[in-house]
Each structure stands twice: as structure tokens, then as C-alpha cells.
Amino acid sequence: MRLHNSLSRRVEDVVPVDGRTVKIYSCGPTVYRHIHIGNFRSFMLGDLIRRAAKFEGLDARLVMNITDVGHMTDEVTDSGRDKMELAESDEGLSAAQIAEKYTEAFLADGDLLNIGRADVYPRATEHIPQMISIIQTLIGNGHAYEVDGAVYYDVRSFPDYGKLSGNTLEALRAGHRQEVEVDPNKRNPEDFALWKKAGPGRALKWDSPWGPGFPGWHIECSAMSMEHLGKRFDVHTGGNDNKFPHHEDEIAQSEGAVGHAVVSIWVHGGFLQMGGQKMAKSAQNIRRVSDLAEHGLDPLAYRLLCFGTRYRNEIDFSWDALEAANHRLGTLRRRMAQWRPEQGAIDAPELTMVEEELDQRFRRTVAEDLDMPQAMVVVNELLGADLDPFRRYVLLKRWDEVLGLDLERTALEGFEIPPEVHELMRRRDEARLAKDYPTSDAIRDQLTSMGYEVMDSPEGTTVRPRT
Ligand code: AMP
Ligand code: ZN
């Protein structure tokens, strides 16, 4: 399996450092508001990598943090208000209640998108001691300094600063950032806060060796990733905007503390746009998973829509495209229902050379940096090819482990049968019971002409749409 590494800017082999399990850390949500489908595009990425790894026969472990403190409204200049406290005053709930409310909603919406749950969801507020310990190490080895109850990272102490995002110190200085007001406590304008002093009125705060305060956002991910995956792990994901400053600073912190590279491959996902603008609460163009259902669309149609574009590229969201994906999903599920053998699961059949080749091609495209658009081309080929229905069913069912589109749903749940068809089925059963075969046959013909295949079962008449 190969993934594009934002750090080396190359597609690289995923080789688990422990030789067995692909360890993945995904930057998770800040739980102060509802998570939108743009966020979920990024969250899908970690799960997709885990699914692809398992498909390759590897073990995988996924950790996704929950940020419930420390993410400021302006992370670049380290100022603004804590997002959690902002919501607290807006909603009249405590920060803990807000975190609880939006974490639950996040998990429920993720379920609707078939985003497999992470193996662990560490919370920032439950890892303050680990953060303090890393900060102490960084002060001890000269990467950080304390000023008046706050601790800053000295970016000049880390020569590799900028290696991920290209925002080296020279690049930052040449940019416009000098114009913003510089915190006089900082040695260099580019230094960033590891620990912030709690101002008056701040509720979310902890005791520390530097007095009462709270952690910066970036130190959370250094602490939680190393706590749950160790000091060397394989894959770290996030949306494109996480590259700077969040992940650039995480690298400086983690590598500064342990003295070696921690993450092998950094994977960043492209943004979901809406009308040419990135989907964001501030742009007031967000859509939630529940909005999809309100439009009568299956949330998994959004998954299928995302598979139409490589994960690193942007997607421009439109309802038309989503409706087309929804229609396509329905077709795939109906075909699965047709191909599914009456008796359900049967042992895996021997595949022909053509089928084997399709299967290999599907696997290769997924393993090659998650080329989902190409994988969907292979799915289309399977649909169009003249193959044995049962083996088509077996292949698609297997591929659905990666796709996560619940392709068997229609087969398992039954079709949506319109009321008038139900009525005809009922009348046919009545006629058959009365041994009125001419009527029963006439109704069968009528159902056939309406596009249904009619079958007799011990429970009476059953139908399935012909496609
Ligand atoms: P936040 O809760 O603001 O920390 O964002 C959570 C995740 O969503 C981060 O990994 C962001 O990179 C990602 N994200 C935010 N907006 C979008 C978007 N429009 N499309 C894709 N990912 C996004
Ligand atoms: Zn993070």
C-alpha cells in the first residue's frame, strides 16, 4: 500500500514501523459546534486508510483526538478566543456539556457516513499531564522558554522548522506576518505558545509548573498521538489547512522532545468547497449530514460522491452531483440484490481469470494512494461485464469492505415497494387462495408490465424490480 507523503512530496510505501500494525493518527474535531460534511471529508480519510490497510491484509489501529480545549479562533497569531469558551457563552452550557453534546453528534453523524469508529478517541482535557511533561522536556532541552506564566516554542531552536508546509522562518519573515502585532513576550515573532496563562474569567484552566493556564492546540496532538501510538508511528492525517501551523508545530514539538522523526507519512486531504469557497462555519455555507437526509438522499451517497475525486484534490459540492451519486448508489444496490443468491452467504467461489483480473485491479488502485475514482471505474466494468451474477455479487461485497457503501442494503432490507404494487400483490394472493388462477395470472402480467419480476414464495407473492 502506498500513500502520498506531504513531507517528502512523494508517494511512499506504507511499512508499519512495528512490522505488523499500521498506526494511524487523525486530527479530530473541535467539539464546539456541529461538524459539517467538509470536516467529514477529512475524517473519512483516516478510516479509508485503515480500511485499505485491512484490505491489504495488514492490521491497523486508528486514533482520533477530540479537541475540547485550546483551539483558538485565530491559531496563526495565537490570539482570539478559545472555541470551547466561545460556545460556552453562546449556548449557556458548561464547556464539558458542550463537548459532550457535539462529540455525541459527531459520532452519530460519522456512523451515518459509515466512518468506522476509531479505536480510541482521546480527549485533550484528559491528557493535560502528558502535555505538561512534553513541555517540561522542551524547556529542559532548550526548545522552549517560559515568560510570565506562558511557555513558547523557540522556533529558531529547530532548524527543520518549515519542512512540512514550506513556511520556513525566511519564508514567514518575507511574508506579511510581521505586520501583525507581535506578542512582546516572544523571543521571535514566529514562536508559538505551548502553554497559555489563564486570564481573568477563564474557566477552562489547569494548574501547571508555570501557574494556572491551558495548553495550546498543537501540543495536544503531540501528546495524544505519542501517548496512544508511541514515539514512532506510521500515518498522520488531517485536512490541508492543518499543515500550517498545526502539523508544522506538532513536528517541531514531537521531534524536539524525542530527538527523532515520529511520523512516517503525513497525509493531507483536499477541501470540500461550496460555490468556489471552502465549506466553513465562518463562510456560512455549511451542510450537515442531517441536511442530506432532509433532501431525501442517503448520506452514503456523499461517500460515493467523494470517491469521484482523488482525496488530495478539492471537491466543489453541488446538490445535482449528490443526487446523481444517490441514484448511482441505488442502482448498485439493486444490482447487488438481483445477484445475491436466494440463500444468502455461500462459500467464496473460484474466480475466472477475468474476474481475478478485475479483483486485482480494484485492489491495486485502492492500494495506490487511494485512487478511488479509478476503483469506481473498475466497479463500473464489473457492472458492464458479462459475468456470472453470483460471482459479481461476491466481488462487489468484498470491495464494499473498502467502499463502505452498504451495497447489500437493498437485498437485506427489501425493495421500496409502492403501495399500489403491495395492493396488487395482496389481490393476487387472495385470488390464488381462492384458486382463481385467471385473475392471479392477470395480476402477474400487470406486475410484469410495471417492471417487476414476480415470484411465488411460501409467504405469498414477492416481487423485485427488473433492471
Ligand atoms: P476543526 O474541527 O475546525 O479542527 O476541523 C476538523 C477537520 O476538518 C480538520 O482536519 C480540517 O482540516 C477539516 N476541514 C475543515 N473544513 C474542511 C472542508 N471544507 N473540507 C475538508 N476538510 C475540512
Ligand atoms: Zn491535530
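Let's start with R428, which you'll find in helix 15, spanning residues 419-433. Keep in mind that this is a predicted model. Despite being an arginine, R428 is not out in the open: its relative accessibility is 1%, so R428 counts as buried, given that the cut-off for buried is under 20%. What does R428 touch, leaving aside its neighbours within four places in sequence? Its contacts are S440, I443, R444, V454, D456 and T461.

Now for the rings. The structure has 13 aromatic pairs. One of them joins Y25 and F233, with 6.4 Å from centre to centre and 55° between the planes, a tilted arrangement. This pair bridges distant parts of the chain, as Y25 belongs to strand 3 (residues 21-26) and F233 to strand 11 (residues 233-239), 208 residues apart. Y25 has a relative accessibility of 0%, so it counts as buried; F233 is buried too, its relative accessible area being 0%.

Next come two tryptophans. The ring centres of W195 and W210 are 5.9 Å apart and the planes meet at 55°, so this pair is tilted. W195 sits in strand 9 (residues 192-197), while W210 is in the loop between strand 9 and strand 10 (213-215), so the pair ties together parts 15 residues apart in sequence. Both W195 and W210 are buried.

Elsewhere, ring pairs connect F40, F43, F106 and Y121 into a cluster.

Rings also meet charges here. R187 places its charged end over the ring of Y145, 4.0 Å from the ring centre. R363 does likewise with F55, its charged end sitting over that ring at 4.2 Å from the centre.

How values were computed:
Residues are numbered from 1 along each chain as its sequence is written. Chains are lettered from A and ligands numbered from 1 in the order in which they are written. This is a predicted model: local features need pLDDT of at least 70, side-chain atom pairs count only at pLDDT 80 or more; totals for chains, interfaces and linings use all residues. Side-chain values use heavy atoms; hydrogens and water are left out. Helices (H or I, at least four residues) and strands (E, at least two) are DSSP runs, numbered from the N terminus. Buried means under 20% relative accessible area, exposed over 50%, partly exposed in between (1.4 Å probe, protein chains only). Contact means heavy atoms within 4.5 Å. Rings of Phe, Tyr and Trp (its six-membered ring) pair if their centres lie within 6.5 Å; planes under 30 degrees apart count as stacked, over 60 as edge-to-face and the rest as tilted. A charge sits over a ring if NZ of Lys or CZ of Arg is within 6 Å of the ring centre and within 35 degrees of the ring normal.
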